Each structure stands twice: as structure tokens, then as C-alpha cells.
Amino acid sequence: MSNFYEPALHFHNVNYSIDDVHILKNITGSFPKGKITTLVGPSGAGKTTLLKLCNGLISPTSGEIYIHEKPILTYEPVELRRHVGIALQSAPMIKGTVFHNLALPLELQGEKMPEQNAVEILEDVGLDKQFLHRKTDDLSGGQRQKVSIARTLINRSEILLLDEITSALDRSSLHEIEELIVKINRKYGVTIIWITHNLQQALSIGDYTWVLMDGKVIETGKSDLLKSPTNEFVKQFVQGGEE
């Protein structure tokens, strides 16, 4: 991958083990600031573990992680969550209304969210104000994912982690979420790190791509590397077309 970019997040010789199982092995590389980097690879490659390391949900067994060239361990947990948001495939919600869910990040910091601010955030993700007081149980999969992403915008996170957020959606909702993520990236300059099993999505949405296999990063570069990978294992993976 080219060195002519500013890293938003950098891994240096990062390892992660649990119960004597070596899950991530000597991971070194940078995620460019303001760009979309997709993570692809077979199931069990270590993609989700790597994502959890990015916002301190877990800590590396060895090695260093830097956010904007500052060691991740120097961030207080609340400060770190403000810098690095995360949206998951399951789009977990607390019981109640959409407003309750949007207000949660500020409530955890002892602050209140004005309803007008919540309406503006909803509009950012393509939902109008009628959704504000709708019960989350009544939302479709695509609507839940939009609310989940809206919630990450409350803190104006500089880095957004996405874990298979479109894999359970129908084609129409999938395209809506893709367009939303590209919009957020371009409008706010948010750095996106996106795990996807959809290689076409990685190719079309990603600026850069990391390919993980067996806990190792085996190829990185601009996302069009998926069209003509140089690594034989990556070739086989891409030709398989799915995890």
C-alpha cells in the first residue's frame, strides 16, 4: 500500500491470543485517514478480532496500536469510544424509541440530546422525523441499521468500524446502506473500516482493502487488487467468490 497518506489508525507487530490460540499474527499496517478500507477473508481469519482491537473492546497480547499517532492505551475508554464508533450486523438497540437510542451516547456522558439535534441526525441517514418516536421493535432491518449508524454519528466519531452491516439485508436496503456509508465518508471525512464477505462490495465501495487469512494480513492495497491479486491464496479466495 502506498505510504503517501496520513494514517488514522496504525497497527505495529500486533498479536492476539486467547487460551493459547494465536488468532492474529504480527499485524502491521495503516488505515488511511478519511478513506474506506474493507477487510475481507475467509471465516475465522481474524477480521472481527482485528476490528475489536481498533476501539479497545479487547487489547493486543503484544504489539502497539496507534490512533492518529497516539498509542491507543493512552485514551480513556469514554474518549476512545468518541473517537472510534462501531456498527454491527445485529444493530443492537435498547428497548424503547429511536430517540431513546440516539440519546444514549450523550446520556452516558451525563448530557441530554435536544430533539431537533436527533431529527437532524436522522435526516443525515435518510430517515425523516416521523421515526423519532417509533419503537425500535417496529423497524425493518434496513431502518434498524440506519438508526445504528445514526447513533454512531452522535459523537462525531472520526473512525467508524463496520462489521458485516449489510449481510442480512435485502438488495434494496443493502444499496441504501452502501450509499449512506459513502455519504458519511465524503461529507464528514470519517475513516471507515468495513468487514464484508461481499467481494463486489469491497471492490466497489472500498478505497483500500486488507485480505486476512489464518490471522495474517497477506495482501493490502487499493481495492482493485481484488481484480488481479498477486498472492496465490488470495487468487483462490477471490475465485471462490465467497467465504
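1. Ground rules. Because this is a predicted model, local features need pLDDT of at least 70 and side-chain atom pairs count only at pLDDT 80 or more, while totals for chains, interfaces and linings use all residues. Residues are numbered from 1 along each chain as its sequence is written, and side-chain values use heavy atoms, with hydrogens and water left out. Helices (H or I, at least four residues) and strands (E, at least two) are DSSP runs, numbered from the N terminus.

2. Helix α6, length. Helix α6 covers residues 171-188. The expected span of a helix is 1.5 Å times one less than its number of residues. For the 18 residues of α6 that gives 26 Å, and the end C-alpha atoms are 26 Å apart, so the two agree.

3. Helix α6, ends. Asp-170 caps the N-terminal end. One of its side-chain oxygens sits 3.1 Å from the backbone nitrogen of Ser-172. This can be read against the cut-off for a polar contact: a pair of N or O atoms within 3.5 Å; within protein, one must be able to donate a hydrogen and the other to accept it, and residues adjacent in sequence count only if both atoms are side-chain atoms. Just after α6, Gly-189 has a positive phi of about 70 degrees.

4. Helix α6, buried residues. Buried means under 20% relative accessible area, exposed over 50%, and partly exposed in between (1.4 Å probe, protein chains only). In α6 the buried residues are Ser-173, Leu-174, Ile-177, Glu-178, Leu-180, Ile-181, Val-182, Ile-184 and Asn-185. Their cover includes β3 (36-40), α4 (115-124), α5 (141-153), β7 (159-163), β8 and α7 (199-205). As background, an α-helix has 3.6 residues a turn, so residues three or four places apart point the same way.

5. The α5/α6 pair. The axes of α5 and α6 come within 10 Å and cross at roughly 15 degrees. That makes α5 roughly parallel to α6. Angles under 35 degrees count as roughly parallel, over 145 as roughly antiparallel, 65 to 115 as roughly perpendicular and the rest as oblique. Axes are lines fitted to C-alpha atoms, for helices over the stretch in contact, and angles run from 0 to 180 degrees between N-to-C directions. From α5, Gly-142, Gln-145, Lys-146, Ile-149 and Leu-153 meet Ser-173, Glu-176, Ile-177, Leu-180, Ile-181 and Ile-184 of α6. Contact here means heavy atoms within 4.5 Å.

6. Helix α3. Of the 10 residues of α3 (residues 98-107), 7 are buried, so the helix is largely enclosed by the rest of the structure. The buried set is Val-98, Phe-99, Asn-101, Leu-102, Ala-103, Pro-105 and Leu-106. Helices α4 and α5 are among the elements that cover them.

7. The α3/α4 pair. The axes of α3 and α4 come within 10 Å and cross at roughly 100 degrees. That makes α3 roughly perpendicular to α4. Val-98, Phe-99 and Leu-102 of α3 make the contact with Glu-115, Ala-118 and Leu-122 of α4.

8. Gln-201. This residue is in helix α7. Gln-201 counts as buried, at 2% relative accessibility. Its side chain makes a polar contact of 3.0 Å with the side chain of Thr-166. Another polar contact, of 2.8 Å, joins the side chains of Gln-201 and Glu-178. Glu-178 is one of the buried residues of α6. Residues touched by Gln-201 also include Leu-174 and Trp-194.

9. Thr-191. Strand β8 (residues 191-195) holds Thr-191. Thr-191 is buried, with a relative accessible area of 1%. Not counting residues up to four places away in sequence, Thr-191 touches Ala-8, Pro-32, Lys-33, Gly-34, Lys-35, Glu-158, Ile-159 and Leu-160.

10. Loop residues to check. Asp-19 lies between β1 (7-18) and β2 (21-32). Its phi is near 50 degrees, a positive value in a residue other than glycine. Asp-19 is exposed, at 69% relative accessibility. Glu-69, between β4 (62-67) and β5 (70-71), has a phi near 65 degrees, again positive in a residue other than glycine. Glu-69 is exposed, with a relative accessible area of 64%.

11. Ser-43. The loop between β3 and α1 (47-54) contains Ser-43. Ser-43 is exposed, with a relative accessible area of 60%. Its C-alpha atom is separated by 23 Å from that of Gly-141, 98 residues apart along the chain.
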